[in-house]
Amino acid sequence: MNSWEYSESIESDSIVSIQSKYGHYYDGGFTSPKSKEYLKTVSPSSEEVLSSISIGNEKDVDAAVNSAKEGFKVWSKTKPIERAKYLYKLARLIQERSREFAVLESLDGGKPIKESRDFDLPQVAANFFYFAGWADKLDISWGTKEMKPYGVVGQIIPWNFPLLMLAWKVAPALATGNTVVLKPAETTPLSALLFAELCDEVGLPKGVFNLVTGDGSTGSHLVNHEGVSKIAFTGSTSVGKYIQNATADRDIGLTLELGGKAANIIYNDAAIDQAVEGVVNGIFFNQGHVCCAGSRLLLQEDIHDEFINKLEKRMQTLRVGNPLDKNTDIGAINSKEQLQKITSLVNEGVKDGGQLFQIECELPTKGFWYRPSLFTNVQPSYNIAREEIFGPVLTTLTFRTPEEAVEIANNTEYGLSAGIWTDKGSKILWTADRLDAGVVWANTFNKFDPSSPFGGYKESGFGREGGRHGLLSYLKVKS
Amino acid sequence: MSNIKEQTLSAPFTWASTLEILEGVKVDEVGVKDRVSSLATRSIKRESKLQALNYIVSMCDLTTLEGEDTEGKVLQMTAKAVRPDPSDDEVPSAAAVCVYPSLVSTAKEITTGTNVKVAAVSSYFPSGQVPLESKLLDTKFAIDEGADEIDIVINRKSFFEGDYRKVFDEIVSLKEACGDKHLKTILEVGELKTYDNIKKASLLALAAGSDFIKTSTGKIPNGSSREACYLMAKAVYEFKLKTGFSAGIKVAGGIRNSKDAIRYLVIIKEELGEEWLNANYFRFGASSLLDDVLKQIRKLKTNAYQSSYYFPRG
């Protein structure tokens, strides 16, 4: 019998024009780096060099912060309704150019185009629209007019959702009257650089949005700059701890959105087929490069075998390959370093005694790839059940009672998100009440809305992004 | 091309085990919609589109089920089913024609000697609101006339009254009357409405011995939906896990264009697998779909989107 294969359906990359070299963006324009140093950004799906970006040193960061200080003088006096107009303009422009941004995200970061097109970009625009709406209504947000912006906000964002993390941070910061110095991740700077061009296009006053590219050292300069009144960071827990230490003796605001090792709890009375879908979406969305990924599958013991059978069958239908192919479900791992980290954690899991299932599929010869993987026969003491893998690797644990499910779910240093699957509403409420996690999804996973606050418990960080609560991350409220 | 599969379920499921299956049915509506809309984003282009379109032709049950049907109309349609596009030999025959019992022998005049089957709707299609004896007579008549396949409707009256046993028993009796003829059981998903009902009715029909489960009579609005097809695929898969029997699915009711039909194929491919991608396991019940598919095939081959009058009337 002939099989029916999907022909390649590639989203053209001719829509994006990437310059060979980028400077930093401050004082309302692009500037060559004072460091005179550059680093290459590559496409993780082809290892092709896409561009060179500037590495910001102390002087570059200093210049950007000074630009933001000047910008603040204007921006903090700009009428709230005017601030809103700029944000609305940005939102609309992002929508207009969303195909371009989506291709750029997939090229630079390796995520499948169907996700950058159908998830990242719509969410980016939605966040700008949402916070634009708040800009002139801050006085009713928390029932007090005694609220002030911090001033210059330093924002450091990760590589998993480059433009969306920019939106989560930049939109509320600008809406509340702060000015921004943003440091994008070193492997995924291109969409932020394009966003800077958009700021020019909408005529945002100079110094309001500033961008310094670079590596960890650049981020460190930003964190330690005395002109910065607030740091907002999304990334790994280890870097989060460094930042908290570095800012401990300064009068500075801080919000951290860090790692996670979320439990996805499947009770035996769940709609199993849809739970399988939710579990797949929970861990394989964006190659598992998601801080709130449902990376620990908690199965009630009596449905373990049935569930695992269905899950493995479903995983086998995942299509791994070229991120620009519209039929790709799983794209490339973001970097060589991340691939090595995933590989070594998985090897350790096998050595510990975990049983590993990986789907059969051809992987491209160039680029960084990892097969969607599932561990069973795992004990809670294994490292794969405790450490954040940040890749397409799911670890299965089992439980007997709801009490035990909650206990295992909370038995982690993290507390960012969790999922509950059951047909019974009362069990959802009972369980959600007892989970130490910032976001709890019921019979779904990885659903986002700008109006819903997001953030962690325990070592997953503090402060909230999104929603009315998200405004507080950028406002000093007098009581 | 479409030889009726030899494998049939040896004995219908017992009522006790059927009841057990029904009690375990749980469906999450949001999850179903999410999955189905995500499958709809598959981009089917070039060779894979042409292959899909040819599949659709070969899976078509070309249908006319009107009070005004005459021998003349059925002869026209059947001739078209045998040779949908006389100007292109690569276009396959349709799987079957689907008519009322009184027109089976007419269709047979043309299909004899070809691979095209004749399916008859029976059991007092579309409402089924008569006693079982009448449904059996209706069915036996269609078989005596030479029908290769029988499309029956489930007893929705009993289903909504909670008498699942009666729904089950009627299908068992009708299956018996069908003998080795292929039994397709219509659930009428647009009336069942809830996803739980659709999944339950699917399993009920399968356990009672249906060879195929089918979405709709085509006589109500919202006949078929991709969500229903997905749920039926899930039921077929579950039933296979329990019994080893691979049942087929027929989608009918409001599928009018190629793009929509291809989305159904994607659901079957990704939820059930390649094994189901042939007329023995998957069918489209349609009247106007075929013409759109033929136009699309010609467009892919010649780059010209031609008018209906280039294709023979069915």
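Let's start with one pair: Ser417(A) has Val439(A) in E18(A) as its bridge partner. Four bridges join strand E17 (residues 417–421) of chain A to E18(A), and these two run parallel. (Strands, labelled E, are DSSP runs of at least two residues, helices are H or I runs of at least four, and both are numbered from the N terminus; two strands pair if DSSP finds at least two bridges between them.) In general, strands of a sheet pair through backbone hydrogen bonds, either parallel or antiparallel.

Zooming out, seven strands of chain A make an open sheet with mixed pairing, in the order E14-E15-E16-E13-E12-E17-E18. At the edges sit strand E14 (355–358) and strand E18 (439–442) of chain A, each pairing on one side only. On average, neighbouring strands are turned by 20 degrees against each other, direction ignored.

## Where the model comes from

This is a predicted model: local features need pLDDT of at least 70 and side-chain atom pairs count only at pLDDT 80 or more, while totals for chains, interfaces and linings use all residues. Residues are numbered from 1 along each chain as its sequence is written, with chains lettered from A and ligands numbered from 1 in the order in which they are written.

## Helix H11 of chain A

Helix H11 (residues 304–315) of chain A has twelve residues and reaches 16 Å from first C-alpha to last, close to the 16 Å expected (1.5 Å times one less than the number of residues). Which of its residues are buried? They are Phe307(A), Lys310(A), Leu311(A), Arg314(A) and Met315(A). These cover an arc of only 135 degrees around the axis, so they end up on the same side of H11(A) (the arc is that of the directions from the helix axis to the C-beta atoms).

On the other side, Asp305(A) and Asn309(A) are exposed. (Buried means 20 or more other C-beta atoms within 10 Å of a residue's own, exposed means 12 or fewer, and partly exposed is in between, with C-beta atoms placed from the backbone.) The buried residues pack against strands E12, E13 and E15 and helix H10 of chain A, where contact means C-beta atoms, placed from the backbone, within 7 Å.

## Helix H12 of chain B

H12(B) is mostly covered: ten of its 14 residues are buried, including Tyr264(B) and Lys269(B). Among the elements that its buried residues pack against are helix H2 (29–39) and strand E7 (248–252) of chain B. After H12(B) comes Gly273(B), with a positive phi near 110 degrees.

Methods:
Two residues are in contact if their C-beta atoms, placed from the backbone, lie within 7 Å. Axes are lines fitted to C-alpha atoms, for helices over the stretch in contact, and angles run from 0 to 180 degrees between N-to-C directions.
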